[in-house]
Amino acid sequence: MNIEGKHKFLASQEQIWDLFMDQKNLEKAIPGCEKMEEREPGKYDVLLKIGIAAIKGTYTGKIEVVDPEPPNRYRLLGEGSGSPGFVKGEATIEFSQEGQHTIVSYQGDMQVGGLIAGIGQRMIGGIAKMMAGQFFKKMAKELKSQQ
Amino acid sequence: MPEQLKTFEHKKRNWVGKPLKRKEDLRLLTGRGTFMDDIRLPDMKHAAILRSPYPHAWIKGINVSEALNFPGVRGILTGEDIAKMSNPFPVGVQVPPKYYCCAIDKVRFVGEPVAVVVADDRYVAEDALDLITVDYEPLPVVMDIEEAMSPEAPVLHDNIGSNIYSHRFFQYGDMDKAYKEADLVVKGKFHFPKYGSTPIETYGVIASYNPFSEDFVIYNNYQGPFVNHSLVAIALGIPENKMRWIVPTDIGGGFGTKTGLYPYIALIALAAKKTGMTVKWIEDRREHLLASATGTDRVTYMEAAVKKDGTILGLKDKAIDNTGGYIRAPEPGCAYRSTGNHTGAYQIRNLDREVLVVGTNKCLTAPNRGYTCQELYFSLERLIDLVASELGMDTAEIRFKNFIQPDQFPYTTATGGIYDAGDYQKVFQMALDKIDYKKMREEQWKAREEGRLIGIGFSTVVDPSVTNIAYVTLALPPEERAKGHPKSGSGEAVIIKMDPLGTVHVIACTNPQGQGHDTVISQIVADELGVHPDDVTVSNAVDTHDRVFSITTGSYSSRFSSVVTTAVVTAARRLKEKMLKIAAHLLGANVDELEIQEGKIYVKGSPDKSMQMRHVAGTAHWNQSALPEGMDAGLYETCLYTMPTSQPPDDLDRVNSSNTYGFIAEAIVVEVDPETGEVKILKWASVHDAGTILNPMLLEGQILGSCAHGLGGSLYEEWAYDENGQCITASFQDYLVPTAMEVPKIDIGHVEIPSPITALGSKGAGESSCMSVPACIGNAIADALAPLGVTISELPLSPNKIWHLIQKAKNHT
Amino acid sequence: MKPSAFEYFTASTVAEAIKLLERYEDEAKIIAGGQSLVPMMNFRVAQPEVLIDINGIKELDYIRQEDDEIVIGALTRERDLELSPLVQEKCPILAEAISLIGHASIRTRGTIGGSLVHADPAAEIPLTIYGLDAKMRVVGPSGERTLEPEEFFLSYLTTSLEPLEILVEVRIPVLPQKTGWSFVELTRRRGDFYIVAVASILFMEKGGVCKEARICLGGVGPTSIRAEEAEKILAGQVITDELIEKAGQKAAEAADPESDYHASAEYRRDMTRVFVKRGLAEARNRAKGG
Amino acid sequence: MAERRRITVKVNGVEYGREVDPKRLLVDFLRDDLELIGTHVGCEHGFCGACTVLLNGRSIRSCLMFAVQADGAEIMTVEGLAEDGKLHPLQEAFQEHHALQCGFCTPGMLIVTYELLRGNPDPTEEEVRLAVAGVLCRCTGYKQIIDAVIAAAPKMRGG
């Protein structure tokens with residue numbers, strides 16, 4: 001399943017790059033992120049409690065930042081598994097300056113496996129998009145709080 | 001006429017042919033049926049199965065300790081146990097994959113069993129499943145039939161080395177000659193979807209094991225025993241007689257899905273053996289829609305060598321079936337079952353076939369109502385329409401042009417099928433009349449001028465019944481077959497007895513799922529013995545310890561109305577013969593002087609010399625010394641009837657893959673909404689030759705149900721996967737079984753051309769329109785969309801799919 | 001599949017329910033009709049530790065008219081609304097839409113409040129009330145507030161209801177006589193979740209002129225969508241086929257669809273156009289008393 | 001482990017008092033606790049309708065309700081249709097018209113069509129179709145069921 005989107009931040013590309021490289025921010029912004037520990041540089045162990053309405057699932061997994069090209073792009077790998085099945089994703093995050101704004105765009109592929117995939121196909125795409133949106137909103141909030 | 005065609009004379013009958021109400025209904029209407037889940041045994045525990053969320057992965061480890069300590073859990077079974085306790089299931093291909101009843105070290109489709117929890121109740125068992133952790137190492141997946149054959153594709157089974165389970169070439173007649181004589185060659189590529197039977201009752205098993213006698217008792221709702229009683233015994237490494245199968249009187253639908261080997265019989269048996277408890281497992285709907293069985297999806301390349309006048313000289317095709325992560329019995333039957341009727345209703349003497357059976361990371365397969373005839377006829381009947389449009393010929397005319405003629409029966413096909421009887425012209429004409437064909441075409445033209453898309457579709461197909469198990473051996477080339485033991489047969493057994501007080505009792509093992517066998521058996525016996533159907537009790541269930549059965553026994557391939565009926569008639573006639581001998585002896589007359597009327601045996605011409613049949617029965621049981629010299633006491637007769645036409649394949653790979661061959665003419669008129677792609681069925685005529693009609697009400701029920709099932713595969717149902725191998729139709733919310741709102745009115749007609757090789761002239765009718773409807777609807781929609789330049793080569797035709805086809809065509813022009 | 005274990009409490013008043021919510025917070029889930037929740041629990045995608053059953057709150061089961069509003073208790077069953085003469089007369093579009101939910105035996109249990117709070121993007125009730133100026137009364141520990149659909153629905157299965165709040169009532173203005181309306185939907189089978197649905201309302205004035213139009217789109221976004229640009233095309237106009245055609249095209253631009261197995265985003269967008277067109281034509285006929 | 005609850009239900013006119021675990025589905029309660037096995041389970045997610053029963057006079061899917069929620073309710077299952085050893089006219093019509101084959105969906109079919117005819121003694125074919133559409137059947141293609149219901153209507157009006 002393809003996922004893509006973009007978000008506009010009012011800050012310089014370097015600021016936004018740093019924002020996205022900072023584990024504390026990611027920890028706050030990743031939907032349902034309960035715990036995030038850096039195993040080695042750019043490699044994190046995460047515990048996610050993802051809940052939409054009554055649908056809740058706990059996933060343990062990894063997030064990995066690869067091929068960083070500061071301050072322009074990096075690739076994000078993620079995978080997690082839990083009782084509802086598993087999620088696995090890969091996205092390229094790109095940063096570009098537009099006036100005082102920085103555009104962060106992402107494009108990637110996501111897999112959802114197991115229970116949810118079998119019975120929830122009707123909404124998976126939309127909900128993935130919704131959660132990406134939540135992530136960027138929270139990042140914007142972090143940015144504000146730091147400005 | 002080939003000498004195997006032992007012919008029966010068919011006389012007028014009292015009860016056979018009447019729309020008798022079913023005996024079965026009284027229990028089913030009042031909630032007194034006995035289905036699998038209704039069986040409760042003392043101290044029964046309940047199993048739940050952990051299933052793989054990955055389509056293809058190594059199992060690196062399983063941790064069950066937390067689940068084992070969960071209150072109420074009685075034991076857990078994993079692949080490790082399975083490997084120790086059982087063998088892979090045998091299957092008739094040259095290099096069989098190692099298919100165990102549970103994944104050992106690798107999973108190959110989403111939903112494959114990985115572990116079994118046995119607990120005090122199903123709720124607890126499912127709680128415990130959540131506590132088992134499995135460490136998977138995901139592997140690349142292969143989902144596409146044709147990609148599965150490419151050398152780059154990930155290989156599912158290392159011991160095979162490729163994803164090809166079975167591969168053969170066949171040549172019948174002289175295709176080169178056909179090409180030389182042909183004016184043109186018309187080609188098509190067709191993709192038949194993966195869809196299933198989804199009976200409303202899912203699978204179920206109850207197993208118990210006695211460690212001292214080492215006996216298994218296994219309740220299940222399988223449509224056999226068929227071959228699978230033996231195959232499960234081999235998998236469990238035990239003699240057949242150490243495994244008693246009992247099938248409850250009622251099965252909540254099967255339609256083929258319950259004739260595929262289901263691994264759960266072995267799996268739950270092993271769970272019972274390991275835990276030492278009686279274990280019940282009832283498949284839930286999600287499990288069913290992930291991992292039960294579907295028909296094969298098939299890609300077919302088919303081409304016809306034709307003359308300008310529409311004569312089809314020959315066919316060449318390459319068909320690739322997909323049996324998913326493994327292959328199991330009765331596969332690779334998918335590729336060979338329809339061999340004898342591969343050229344359908346037409347006089348086609350030349351044929352080149354290539355068949356392949358491949359594996360992908362999808363759910364496994366089993367017969368689905370019409371076992372691969374849907375796949376065959378979707379390509380053959382679509383191709384006939386493509387030929388017609390190439391030649392600018394009417395789609396009805398081209399069929400008449402190529403039909404086998406009434407005076408050609410019995411007709412031996414190029415591939416070895418022996419069509420017993422038929423009049424295809426008459427059946428098809430009735431279908432045409434029912435939709436008022438000429439007028440319909442005029443309306444279609446008018447409608448087109450108004451921008452409305454009306455289409456008329458036909459499919460005229462041979463409806464084979466009573467498979468001859470010989471066809472499975474075609475998976476091996478003749479020289480290989482010669483080395484092994486030949487296979488053939490189609491036998492079904494019944495016992496008929498008359499009790500000491502003169503009531504008639506039939507003991508059958510036909511394992512029905514609602515076809516009304518008990519009612520029809522009593523109709524037949526009533527005619528044979530001159531009694532009332534209510535005086536005939538039929539006990540029909542499977543118990544491998546006390547029923548007479550053979551390897552072919554079961555309710556599949558529409559066997560009842562041809563082979564079981566013949567067994568019933570034969571047994572009843574033997575019983576009657578014995579009674580007449582006794583009566584002749586007691587009345588001091590000759591057998592040929594006697595006749596039976598309303599339960600009385602008379603000496604012709606002297607009505608005073610007579611006796612009640614029940615007195616004959618009484619003598620046979622109560623006064624055994626009065627019987628003729630050397631005659632056995634009592635009144636019991638058994639017949640295990642097999643069709644003489646069930647012979648092994650010959651050295652040219654010709655085989656009579658079925659035994660009776662009915663005929664179906666489907667005619668459907670559709671209107672496609674050009675804006676939404678929705679399909680509305682305006683007219684539907686379904687005309688059948690099922691030979692002598694045994695019970696018109698029951699026959700109509702079989703046809704209507706099969707039409708709805710075929711409609712599902714045409715427009716609604718698909719076992720769908722995403723590109724990563726996830727099954728995305730695991731609930732009835734997304735797997736779309738048609739409801740009463742989707743199934744339109746259907747005008748059913750009958751032409752009775754009796755079969756000479758069955759006792760009553762009846763042919764099979766259970767699989768029926770499921771074979772013809774997908775092709776017919778495909779043809780109708782193709783005809784409707786023809787003005788837009790859209791061609792139809794795949795199913796199901798959802799509005800979304802049709803809309804995209806229309807857009808694509810628009811963008812081309 | 002069978003549901004996992006949960007603690008079960010019944011509330012017979014709203015206050016009791018809120019108390020229970022305060023005690024268990026997000027471990028708790030309220031069950032009304034349960035026709036969406038129980039399937040999710042049976043599949044074990046929902047495993048609430050505590051279930052608060054509000055079916056005993058009789059005070060929330062009513063349909064009545066107050067001035068020119070239809071006032072509906074959150075626990076009112078869909079079947080009662082569908083069959084209510086008051087709803088059929090004063091807000092027929094709601095009765096029509098509800099008759100298309102699942103099948104009768106689902107509507108027996110399903111409640112209007114449950115459907116709204118579940119916020120399924122392919123559900124009939126949330127879509128219908130978008131065009132009706134409906135108000136949702138919600139009650140929480142700190143009192144009461146009233147929300148309009150645009151405030152109430154946030155996204156897929158997500159509303160602005162606070163964790164301790166309960167929806168208690170829906171208030172819907174009575175539709176004036178001669179109002180044109182229609183509810184049309186595209187489904188695979190009767191009773192399935194729709195692929196696209198359109199609820200149209202045409203408020204008319206003298207001379208067959210449309211005073212104001214409401215066009216609500218379902219199945220083409222995280223929540224239902226008001227096609228406001230399309231509505232403007234019709235406002236103050238005598239509705240012609242040309243205007244309807246235009247409105248359909250405009251509405252399609254407002255759609256924000258996703259693809260799923262049954263329907264691609266492109267298909268959903270174009271079906272938005274088609275069903276707005278068809279829905280408006282039907283609504284116009286009704287307005288004419290046709 | 002959630003505490004069990006005492007509930008009382010009247011099923012087919014008979015009152016039952018039982019202790020149930022809150023998570024127990026009503027259909028499992030009927031089949032396993034009360035041993036009324038006429039009601040069947042076909043999907044457990046509310047789509048097939050095989051488990052349909054009447055709850056206080058209206059049809060519901062007993063797989064989408066917990067037994068505890070039925071406390072104090074009156075339930076009718078397929079076992080409640082026939083009275084004093086005589087088939088209900090609807091059951092007779094089902095047999096006359098061959099409206100059942102395997103019989104697995106039949107309990108649900110009988111309940112939804114019984115509900116229909118009680119509320120609407122003279123339904124159109126479309127109305128019958130709508131009611132029947134609430135239950136999935138794989139055997140019959142529905143026609144013979146629809147015929148049976150239409151034929152049963154006058155008999156039910158009569159008696």
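Let's start with strand 7 of chain C, residues 143-147: of its 5 residues, the number buried is 0, so this strand lies largely in the open. Before I go on, please keep in mind that this is a predicted model. Strand 7 of chain C does have a partner, though. Strand 6 of chain C, residues 135-140, pairs with strand 7 of chain C in the antiparallel sense, over 5 bridges. The two strands form a hairpin, with 2 residues between them. If you want to find one of those bridges on the screen, look for C:Gly140, whose bridge partner in strand 7 of chain C is C:Gly143.

Now over to chain A. Chain A has 4 helices and 7 strands. Reading from the N terminus, their order is β-α-α-β-β-β-β-β-β-α-α. What about the overall form? A compact globule with 147 residues would have a radius of gyration near 15 Å, and chain A has 15 Å, so the two agree. Along its principal axes, the C-alpha trace of chain A spans about 45 × 30 × 30 Å. Of the 147 residues in chain A, 31% are buried. And if we take the contacts in chain A between residues at least 6 apart in sequence, 44% of them join residues at least 24 apart.

Chain A also touches chain B. How many residues does each chain bring to that contact? Chain A gives 10 residues and chain B gives 12 residues. On the chain A side, the elements that give two or more residues are strand 6 (85-98), strand 7 (101-113) and helix 3 (115-119). Helix 3 of chain A gives the most, with 3 residues. By class, that side of chain A has 3 nonpolar residues, 7 polar residues and no charged residues.

Next, chain B and chain D. Their contact takes 43 residues from chain B and 42 residues from chain D. On the chain D side, at least two residues each come from helix 2 (89-96), helix 3 (106-119), helix 4 (125-132) and helix 5 (143-158). Helix 2 of chain D has the largest share, 4 residues. By class, the side of chain D that touches chain B has 22 nonpolar, 13 polar and 7 charged residues.

Let's stay with chain B and zoom in on helix 20. This helix has 14 residues and reaches 20 Å from its first C-alpha to its last, close to the 20 Å expected at 1.5 Å a residue. Which residues of helix 20 of chain B are buried? They are B:Pro799, B:Asn800, B:Lys801, B:Ile802, B:Trp803, B:Leu805 and B:Ile806. And what do they pack against? The buried residues of helix 20 of chain B pack against strand 27 (660-672) of chain B, together with helix 12 (265-287) of chain C.

Last stop: B:Leu788. Where is B:Leu788 in chain B? You'll find this residue in the loop between helix 19 (773-785) and helix 20 (799-812). Why does B:Leu788 count as partly exposed? Because B:Leu788 has 16 C-beta neighbours inside 10 Å, whereas a buried residue needs 20 or more and an exposed one has 12 or fewer. Leaving aside its neighbours within four places in sequence, B:Leu788 is in contact with B:Ile806 and B:Ala809. One more pair to look at is B:Leu788 and B:Leu453, which are 335 residues apart in sequence, with their C-alpha atoms 9.3 Å apart in space.

Methods:
Residues are numbered from 1 along each chain as its sequence is written. Chains are lettered from A and ligands numbered from 1 in the order in which they are written. This is a predicted model: local features need pLDDT of at least 70, side-chain atom pairs count only at pLDDT 80 or more; totals for chains, interfaces and linings use all residues. Two residues are in contact if their C-beta atoms, placed from the backbone, lie within 7 Å. Ala, Val, Leu, Ile, Met, Phe, Trp, Tyr, Cys and Pro count as nonpolar, Asp, Glu, Lys and Arg as charged, and the others, Gly among them, as polar. The expected span of a helix is 1.5 Å times one less than its number of residues. The radius of gyration is taken over C-alpha atoms; the globule rule is 2.2 Å times the number of residues to the power 0.38. Two strands pair if DSSP finds at least two bridges between them.
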